[in-house]
Amino acid sequence: MKWYTTETVQGKEDYSLPDSIMTLMKQHNIAVRGHNIFWDDPHYQPNWVPSLQPNDLSAAANKRINSIMTKYKGQVIGWDVVNENLHFNFFESKLGPDAAATFYKMAAGIDHSIPLFMNEFNTLEQKGDAASTPAKYLEKLKNIQTFMGAEAKRMAIGLECHFDVPSLPYIRSSLDTLAATNLPIWLTEIDVKSGPSQAMYLEQVLREGHSHPGVSGMIIWSAWKPNGCYRMCLTDNNFKNLATGDVVDKLLKEWGIKATVEAKTDAAGFFEASLFHGEYEVKISDPVEAANSSVSQRFKVEPRHDSQDQIMLLQVST
């Protein structure tokens with residue numbers, strides 16, 4: 001969906017590639033995040049964009065954001081609006097310091113229904129990257145939200161997560177800091193550098209993200225291709241699991257929570273349990289009057305930002 005893919009020649013948009021991928025995802029009931037509308041890195045622009053004068057660039061950017069967001073409205077669950085805006089400033093250098101904020105405000109006007117992400121690297125991965133510390137991330141986020149006004153609530157936090165050796169205490173403290181915004185947090189491009197501990201580090205990162213109440217979603221950056229993945233594959237070229245793939249399968253099975261738990265309420269009619277995010281089915285029955293008092297209810301446990309635990313509190317009334 002990147003601009004350099006969909007408009008290689010100015011004025012000639014070609015969505016055939018993302019359209020084919022969207023069709024495949026729909027066939028398999030896989031949700032899609034939009035990645036991305038703009039990329040602030042000057043090296044990743046359509047080759048005709050860098051030479052545009054400011055007025056022409058502004059017009060082309062307006063056309064771009066309206067075109068792709070309108071086309072995929074209702075088909076994606078979120079957008080990375082300006083990718084890697086803390087490390088790069090291509091659009092700001094051409095259109096002024098409010099360029100990114102302007103794009104976010106435009107995006108919110110086009111689609112009110114989905115989160116709009118600031119997608120950035122090294123906020124969790126590298127403690128020493130001064131450009132993208134949690135404090136710097138929040139500073140930029142606040143600037144954009146101020147510019148957006150009433151649409152500020154549409155913002156969301158995207159953290160790429162390209163790890164070498166993850167520092168779990170730093171990841172946890174950074175997530176705690178960012179979660180104080182009460183905005184959705186996604187780990188958007190998880191991978192770990194190749195090495196003997198790659199699978200172990202991947203499991204640590206996935207467990208840390210899954211257990212944090214502020215994290216709403218995780219995506220692994222490991223799309224297979226014959227000449228090798230970006231940094232991490234889950235399978236070999238015959239689609240047999242590597243150690244990383246075994247980790248993912250193990251955690252999916254573990255987090256599927258298919259086991260049945262039987263329990264009794266206390267004397268006041270309450271049953272309390274600590275649960276992972278997810279969907280559950282509760283069946284309640286009265287053993288004394290089992291024929292007439294069985295009830296079934298489905299519900300979802302959503303992330304909370306005020307507690308490390310996800311608590312289900314169920315009261316049974318007779």
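A residue is called buried here when its relative accessible area is under 20%, exposed when that area is over 50%, and partly exposed in between, using a 1.4 Å probe on protein chains only. By that rule K283, with a relative accessible area of 66%, is exposed. K283 belongs to strand β9 (residues 278–284), where helices (H or I, at least four residues) and strands (E, at least two) are DSSP runs numbered from the N terminus. Between the C-alpha atoms of K283 and E262 there are 9.4 Å, although 21 residues separate the two along the chain.

The model is predicted, so local features need pLDDT of at least 70 and side-chain atom pairs count only at pLDDT 80 or more, while totals for chains, interfaces and linings use all residues. Residues are numbered from 1 along each chain as its sequence is written, and side-chain values use heavy atoms, with hydrogens and water left out.

Taken as a whole, the chain has nine helices and eleven strands. Of its 318 residues, 44% are buried. With contact meaning heavy atoms within 4.5 Å, residues 24 or more positions apart make up 74% of the contacts that have a separation of 6 or more.

Helix α8 (residues 198–211) makes a handy check on geometry. The expected span of a helix is 1.5 Å times one less than its number of residues; for the 14 residues of α8 this gives 20 Å, in agreement with the 20 Å between its end C-alpha atoms. Ten of these 14 residues are buried, so α8 is largely enclosed by the rest of the structure. Among the buried ones are Y201, L202, V205 and L206, along with E203, E208 and H210. Their cover includes strands β5 (162–163), β6 (185–192) and β7 (215–220), as well as helices α7 (168–179) and α9 (243–255).

In soluble globular proteins, nonpolar side chains tend to be buried together. A nonpolar core is taken as a set of buried Ala, Val, Leu, Ile, Met, Phe, Trp, Tyr and Cys residues joined through side-chain atoms within 4.5 Å. The largest such core has 66 residues, and W79 and L159 touch the most other members. Helix α5 (residues 99–110) gives the most to this core, with eight residues. Beyond its neighbours within four places in sequence, L159 is in contact with residues including N119, L124, Y137, L175, L178, I185 and W186.

Grid points are joined across faces, edges and corners, and a volume is the space filled by probe spheres set on the points.

The largest pocket holds about 1,400 Å³. Of its 35 lining residues, M25, I219, I220, W221 and A223 lie nearest the centre. Helix α2 (16–27), β6, β7 and α9 each give two or more residues to this lining, and the largest share, five residues, comes from α2.

One cavity of 30 Å³ or more turns up in a search of the whole structure. Its lining includes W3, Y4, F38 and W39, and strand β1 gives the most, with four residues.

How values were computed. On a 1 Å grid over the protein atoms alone, a cavity is a set of points where a 1.4 Å probe fits but cannot get out, and a pocket is an open set with protein on both sides within 12 Å along at least five of seven lines; lining residues have an atom within 4 Å of a point.
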